[in-house]
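Have the sequence and the 3D view open as you read.

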Amino acid sequence: MPNSPTSYFPILVGKKESYVNSVLEVIQLTYISFALRLLFRDRLYSVAYGLVGALVFTFFLLAIRIHFHLYSGVSLTSIVSFDQSPQILFYSTSFALMTLFFFHCLHGLGDIGVMMAIGGNRLGCIWLHSLSLFFLFLPSFLLAIMINIGYINSPTDFGLTNEIKSIFTCLVLFIALGFLVSVPTIGISSYIDPYKSIRRQK
């Protein structure tokens, strides 16, 4: 795989049948299309993780909305009690999201082994599996937004501005936590012997 995230790289994905003989067809894939193919390949896993992610994101966004209502921003400096302060909910959902991200990265251990065994580079593996993580949980994030806005009533003085700030803050934290977990996890996984990682996964 090349170092450029926007470049193309050839991957043998199947074969094209002809009347005379079978001809192997090499298809050019981008990192984005390859990441989506990984998610569609493991459809049941993707749906299960996506639904759990939607539930966690719902409470994560709810904690951020409460922060904006009480403090006009995300305040993490003091914990009074669970019924008076949203910090415990915020921390618990943050760690839950990081756990989901971590196990999603571990799920790709076999794929990372295959990529490294055929000569892939570490930056390409990190970028590819990070994209796969964000594509998996982006629908969960959008579903959590709809649940929060549609079914969890906010105070009358909350306002549209605070809603937008809450969603934007949640998105930024989603991206930050995703990279915080995926980059070291996938980076360290790429140093494992490729054949051992393939055997552990399979």
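Which residues make a nonpolar surface patch of about 300 Å²?

## The greasy patch

The patch is the work of W127, I175, F179 and V183. To join a patch, a residue needs over 30% relative accessible area and no salt bridge; nonpolar side chains (Val, Leu, Ile, Met, Phe, Trp, Tyr) are linked within 5 Å, and like charges within 9 Å. Areas come from the Shrake-Rupley method with a 1.4 Å probe, and for residues only the protein chains shown count as cover.

W127 sits in helix 5, residues 122–151, and is partly exposed at 32% relative accessible area. On the scale used here, buried is under 20%, exposed is over 50%, and partly exposed is in between (1.4 Å probe, protein chains only).

## What you're looking at

This is a predicted model: local features need pLDDT of at least 70, side-chain atom pairs count only at pLDDT 80 or more, and totals for chains, interfaces and linings use all residues. Residues are numbered from 1 along each chain as its sequence is written, and side-chain values use heavy atoms, leaving out hydrogens and water.

The protein has seven helices and two strands, running β-β-α-α-α-α-α-α-α along the sequence. Helices (H or I, at least four residues) and strands (E, at least two) are DSSP runs, numbered from the N terminus. Of the 202 residues, 43% are buried.

## What the record says

An unreviewed UniProt entry lists "transmembrane region" at residues 20–40, 47–68, 88–106, 126–152 and 164–192. Those positions follow the numbering used here, feature names are shortened, and annotations may be inferred rather than shown by experiment.

How do two of those spans look in the model? Residues 126–152 are 96% helix and 0% strand, with end C-alpha atoms 36 Å apart. For residues 164–192 the figures are 90% helix and 0% strand, with 42 Å between the end C-alpha atoms.

## The salt bridge

There is one salt bridge in the structure: E163 pairs with R65, the closest N and O atoms being 2.8 Å apart. It links distant parts of the chain, with E163 in helix 6 and R65 in helix 2 (residues 43–71), 98 residues apart. The term means a side-chain nitrogen of Lys or Arg within 4 Å of a carboxyl oxygen of Asp or Glu. In general, side chains of opposite charge can pair when their charged atoms come close.

Are the two partners buried or exposed? E163 counts as buried at 11% relative accessibility, and R65 is buried too, at 5%.

H104 belongs to helix 3, residues 87–107, and is buried at 7% relative accessibility. Its side chain makes a polar contact with the side chain of Y45 at 2.9 Å. That term covers N or O pairs within 3.5 Å; within protein, one atom must be able to donate a hydrogen and the other to accept it, and residues adjacent in sequence count only if both atoms are side-chain atoms.

Beyond residues up to four places away in sequence, H104 touches several others, including L39, Y49, H129 and S132; contact means heavy atoms within 4.5 Å. S132, in helix 5, is buried at 3%.

S94 also lies in helix 3 and is buried at 10%. Leaving aside neighbours within four places, S94 is in contact with F60 and L177. S94 and L177 are 83 residues apart in sequence but 8.2 Å apart C-alpha to C-alpha.
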